[in-house]
Amino acid sequence: MPSKLVDKYLREAHLPHIWCPGCGHGVLMRDVAQAVDNIGLDRNKVVLVSGIGCSSRAAGYMDFNTMHTTHGRALAFATGIKMARPDLEVICIMGDGDASAIGGNHLIHAARRNIGITAIVFNNDIYGMTGGQYSPTTPYGEKGTTAPYGNIDRPFDIAKIAQACGATYTARGTAYDAVLTTKLIEDGIRHKGFSVIECASICPTYYGRKNKKGSAVDMYTWQKENSIRVEKAQAMSPEELKGKLVVGKLSEDDFPELTEQYQAIIDRVRK
Amino acid sequence: MGKVKLMQGNEACVEGALYAGCRFYAGYPITPSTEIAEGCAVRLPQVGGHFIQMEDEIASCAAAIGASAAGVKSMTATSGPGFSLKQENLGYACLTEIPFVLVDVPRAGPSTGLPTSPSQGDVMQAKWGTHGDHPMIAIAPSTVEECFKLCVRCFNLSEKYRTPVIFLMDEIVGHLREGIEIPEEGELEIVNRAIPEDPAHAKKPYATKEGSTVPVMAPFGAGERYNITGLIHADDGFPTNSTEIADKQVRRLLAKIDDNLDDILSWEETSMDDAEVCVVCFGGTARSVQSAVETLRAEGVKVGMFRPITVWPFPAKKMREIAGKVKKIIVAEHNDGQMLLEVQRVTGLYDKIGFVGKVNGTVITPDEIVKAVKEG
Amino acid sequence: MSKMEIRLAGTGGQGLITGTIVLAEAGIIEGKFVAQSQSYGPEARGGMAKGEVIISDEKIGFTKVTKPTFVMALSQLSFEKYCYGLDEKCFVLVDDTIQVPADYDHKKFMKLPIIATAREKVGKMQTVNIVSVGAINKILKICDEESLKKAVLQRIPKGTEELNLKALSEGAALVK
């Protein structure tokens with residue numbers, strides 16, 4: 001029996017989804033629906049934009065105005081939508097490669113502009129759709145089909161990049177902690193400027209198998225045991241935090257939102 | 001003082017876009033199209049529209065398409081190097097059937113080339129730059145007045161057929177200043193995309209009515225929560241792997257253009273009635289050809305000009321008709337023979353067609369055309 | 001039919017392209033057909049710059065100057081590039097800082113202190129283009145003085161009106 005949340009926010013005709021058993025994305029999609037429901041947004045005014053990859057399929061399953069775009073470009077399309085129609089609530093769902101490799105430029109500039117879009121990154125540390133290649137967030141030394149001898153690149157901290165580039169709300173949640181992650185997404189949507197919620201997902205099929213992380217349950221258990229709330233992390237040393245997931249609201253700043261500033265220009269120059 | 005204003009081609013393009021109802025522009029600075037971005041930055045907020053300078057050309061194209069999906073007529077402009085980058089999302093707009101206008105003001109040479117010099121080297125890229133089989137309309141202006149009027153036409157065609165339209169300008173007209181009479185409001189026809197009235201439309205947003213190849217389009221936010229995807233999709237807007245649907249969808253996209261050639265094609269013929277030699281050209285090159293035709297006619301040479309205004313789809317039937325009447329065809333263009341390929345293909349006259357082309361960033365002079373016509 | 005093909009050449013930053021735009025505006029005010037264009041290098045200042053304008057009673061086909069009827073050069077390089085091989089009816093105007101070789105034999109030739117006038121009499125080098133326009137209109141009689149003032153005012157930055165109108169009259173005064 002589907003929950004009320006599924007009834008209201010998912011397009012049942014297009015389920016079941018394509019995600020593998022145990023994948024974290026389904027849980028995260030539910031968190032997004034719950035967050036929208038908690039706020040009570042009018043679904044007709046919500047636009048959900050995604051890029052390409054496993055995460056991007058969420059757009060098709062959710063009953064909003066949905067746009068499944070090109071790889072990495074979700075934020076660029078979303079910027080056009082939000083700029084042209086500031087009255088719409090624009091949410092982006094992206095993957096880690098999507099948001100920080102091919103779409104990295106769009107991420108940092110959306111942050112710089114502080115445009116009122118909520119960017120949710122389903123970060124599973126791997127390119128899943130194409131079969132397990134290492135991504136910009138794959139931890140150092142871990143394996144992917146294109147890093148058969150171990151990854152020698154340093155991974156990105158997406159939330160930190162976003163904050164450094166001007167995003168006025170950044171947070172990190174996990175697929176394991178649905179309550180926390182839902183709250184972080186909810187706060188991100190409520191926040192006026194550009195918000196980035198990095199959600200640690202899990203990919204048991206590729207990342208898990210390639211790196212001997214055990215079953216999906218083992219991977220969720222790892223998230224549970226290695227998540228550290230930001231408040232607690234502040235008192236810990238970098239050594240103690242090594243390999244841990246710092247979760248919670250990481251930053252919130254006050255800066256005028258882009259479309260509001262542009263409206264002020266229109267009001268000033270309109271003939 | 002009359003109503004005639006001195007205006008640059010790029011400026012006229014901006015005014016034409018506003019006249020057509022464009023209320024969103026996303027762009028990235030690039031010579032020789034930058035004045036279009038600058039003009040939009042000044043003018044759009046004055047009419048309640050929005051301008052944004054994006055982080056790159058790819059994003060500019062994406063943002064323009066996003067704005068249009070939200071129901072706002074939109075435009076982006078670029079030059080060759082940026083045109084290459086925009087190809088990715090141009091194809092997305094073709095498949096998702098989101099109208100917008102992409103202005104290209106080419107520059108000479110491949111790569112960064114000669115940034116401030118004229119060229120028409122993007123003819124084939126306009127048609128074939130984005131991957132896969134897709135519909136494409138490209139319109140080329142040859143006067144400042146046309147930069148205005150044909151920009152309006154680009155928007156109209158884009159809205160009518162739910163497809164991106166390329167306004168294929170060139171540096172010759174883009175940076176040229178001429179007198180232009182700005183049309184009054186209501187003087188030119190403005191086409192707006194058809195919006196669904198039937199609530200059942202939401203279930204099949206890409207279904208077409210009997211006798212039409214163009215689905216009507218709901219803007220985001222109006223209550224029809226539908227899905228847009230760059231994957232091959234069924235009438236319901238959702239991805240499918242059905243080979244049958246893939247075939248049907250791609251063929252319908254192409255049919256939007258192929259079934260409406262009478263409406264989409266446009267051209268100019270000058271002194272063609274008794275012409276024995278026809279010079280084929282487009283865009284700014286027409287200015288050289290016009291002068292050459294005048295000079296030659298004064299000397300009694302029976303020469304005329306055929307100028308496709310709609311460059312894509314290429315006016316094949318008309319070209320064949322002309323080929324059947326004249327003794328000689330000469331193609332003149334600022335590239336190494338791109339439209340020439342199309343003229344050869346549609347007429348089947350390969351080696352018999354003369355050619356005047358330039359790739360060094362200078363403009364073809366009337367004398368060069370005169371010489372080519374005389375040498376036969 | 002009357003057709004003027006005017007070319008102004010000099011150094012980037014002298015505002016000569018704006019000069020040709022003002023002349024085009026003057027042509028429009030007189031109800032003529034005009035075509036104004038330019039060519040320049042990548043540098044915003046210091047490179048060679050060339051502005052062209054055709055003013056005609058009839059519709060203009062080719063938009064570039066092919067048989068100049070008037071050429072002005074404000075730099076040595078532009079003099080050497082554009083002031084040779086001209087039709088004998090073409091009027092050549094050069095700044096008096098240009099070193100014109102003794103064997104330069106173009107008949108319709110005039111040398112005026114354009115740069116010096118902008119710098120000393122008007123007091124601002126940036127007005128060299130408008131000084132030029134004043135002189136050129138006196139020579140070519142494209143339009144009357146009032147129309148030319150209007151044309152100038154349409155194409156100069158706000159706040160520089162007085163300065164540029166002074167430049168215009170000083171330019172005109174150079175041509176006796």
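Colleague: How many helices and how many strands are there in chain A?

Modeller: Chain A has 13 helices and 10 strands. The model is predicted, and the C-alpha trace of chain A spans about 65 × 45 × 35 Å along its principal axes.

Colleague: What makes the radius of gyration of chain A agree with that of a compact globule?

Modeller: For 271 residues, a compact globule would have a radius of gyration near 18 Å; chain A has 18 Å, and therefore the two agree. Buried residues make up 55% of the 271 residues. Among contacts in chain A with a separation of 6 or more, 66% are accounted for by residues 24 or more positions apart.

Colleague: Why is A:M94 called buried?

Modeller: A residue is buried if 20 or more other C-beta atoms lie within 10 Å of its own. A:M94 has 33 C-beta neighbours inside 10 Å, so A:M94 counts as buried. This residue lies in strand β3 (residues 89-95) of chain A. Residues up to four places away in sequence being left out, A:M94 touches A:S50, A:G51, A:S55, A:A74, A:A99, A:G103, A:A119 and A:V121.

Colleague: Why are β9 of chain A and β9 of chain B called edge strands of their sheet?

Modeller: The open sheet has 9 strands in the order β9(A)-β10(A)-β7(A)-β8(A)-β4(A)-β3(A)-β1(A)-β2(A)-β9(B), with mixed pairing. β9 (227-229) of chain A and β9 (227-229) of chain B each have a single partner strand, so one side of each is left without a neighbour in the sheet. On average, neighbouring strands of this sheet are turned by 20° against each other, direction ignored.

Colleague: How do you know that β9(A) and β10 of chain A are paired?

Modeller: Two strands pair if DSSP finds at least two bridges between them. Between β9(A) and strand β10 (residues 245-252) of chain A there are 3 bridges, and the strands run parallel. A:I228 stands opposite A:V246 in β10(A). Helix α10 (residues 216-226) of chain A packs on the sheet, touching β7, β8, β9 and β10 of chain A, and its direction makes about 30° with that of β9(A). Helix α8 (residues 178-190) of chain A lies across β3, β4, β7, β8 and β10 of chain A and runs at about 160° to β7(A).

Colleague: What makes the radius of gyration of chain B agree with the globule value?

Modeller: With 376 residues, a compact globule would have a radius of gyration near 21 Å, and chain B has 21 Å, so the values agree. Chain B contains 13 helices and 15 strands, and 57% of its 376 residues are buried. The C-alpha trace of chain B spans about 65 × 50 × 40 Å along its principal axes.

Colleague: Which strands of chain B form an open sheet, and in what order?

Modeller: The order of the 7 strands is β3-β2-β4-β5-β7-β6-β13 (chain B), with mixed pairing. At the edges stand β3 (50-53) and β13 (310-312) of chain B, each pairing on one side only. The twist averages 25° from one strand to the next. Within this chain, β6 (residues 137-139) and β7 (residues 165-168) are joined by 3 bridges and run parallel, with B:I137 opposite B:V165 in β7(B).

Colleague: Which residues have the most contacts inside the largest nonpolar core?

Modeller: They are A:I81, B:F167 and B:V279, in a core of 242 residues. Helix α6 (residues 144-161) of chain B gives the most to this core, with 10 residues. Neighbours within four places in sequence aside, the contacts of A:I81 include A:V47, A:L88, B:G66 and B:F220.

Colleague: How do you know that chain A and chain C do not touch?

Modeller: Two residues are in contact if their C-beta atoms lie within 7 Å; the nearest C-alpha atoms of chains A and C are 17 Å apart, and the chains do not touch. Of the 2 pairs of chains in contact, chains A and B share the most contacts. Chain C places 19 residues in contact with 20 residues of chain B. The largest share of that side of chain C, 7 residues, comes from β2(C). The residues of this side divide into 10 nonpolar, 7 polar and 2 charged.

Colleague: What makes β8 of chain B and β2(C) a pair of strands?

Modeller: At least two bridges are needed for strands to pair. Strand β8 (residues 177-181) of chain B and β2(C) pair over 2 bridges, in the antiparallel sense. The bridge partner of B:R177 in β2(C) is C:Q36.

How values were computed:
Residues numbered from 1 in each chain as written. Chains lettered and ligands numbered in written order. Predicted model: local features only at pLDDT ≥ 70, side-chain atom pairs only at ≥ 80, totals over all residues. Core = buried A, V, L, I, M, F, W, Y, C linked by C-beta atoms within 7 Å. Buried ≥ 20, exposed ≤ 12 C-beta atoms within 10 Å, placed from the backbone. Helix = DSSP H or I, 4+ residues; strand = E, 2+ residues; numbered from the N terminus. Nonpolar A, V, L, I, M, F, W, Y, C, P; charged D, E, K, R; others polar. Axes fitted to C-alpha atoms, helices over the stretch in contact; angles between N-to-C directions. Rg over C-alpha atoms; globule rule 2.2 N^0.38 Å.
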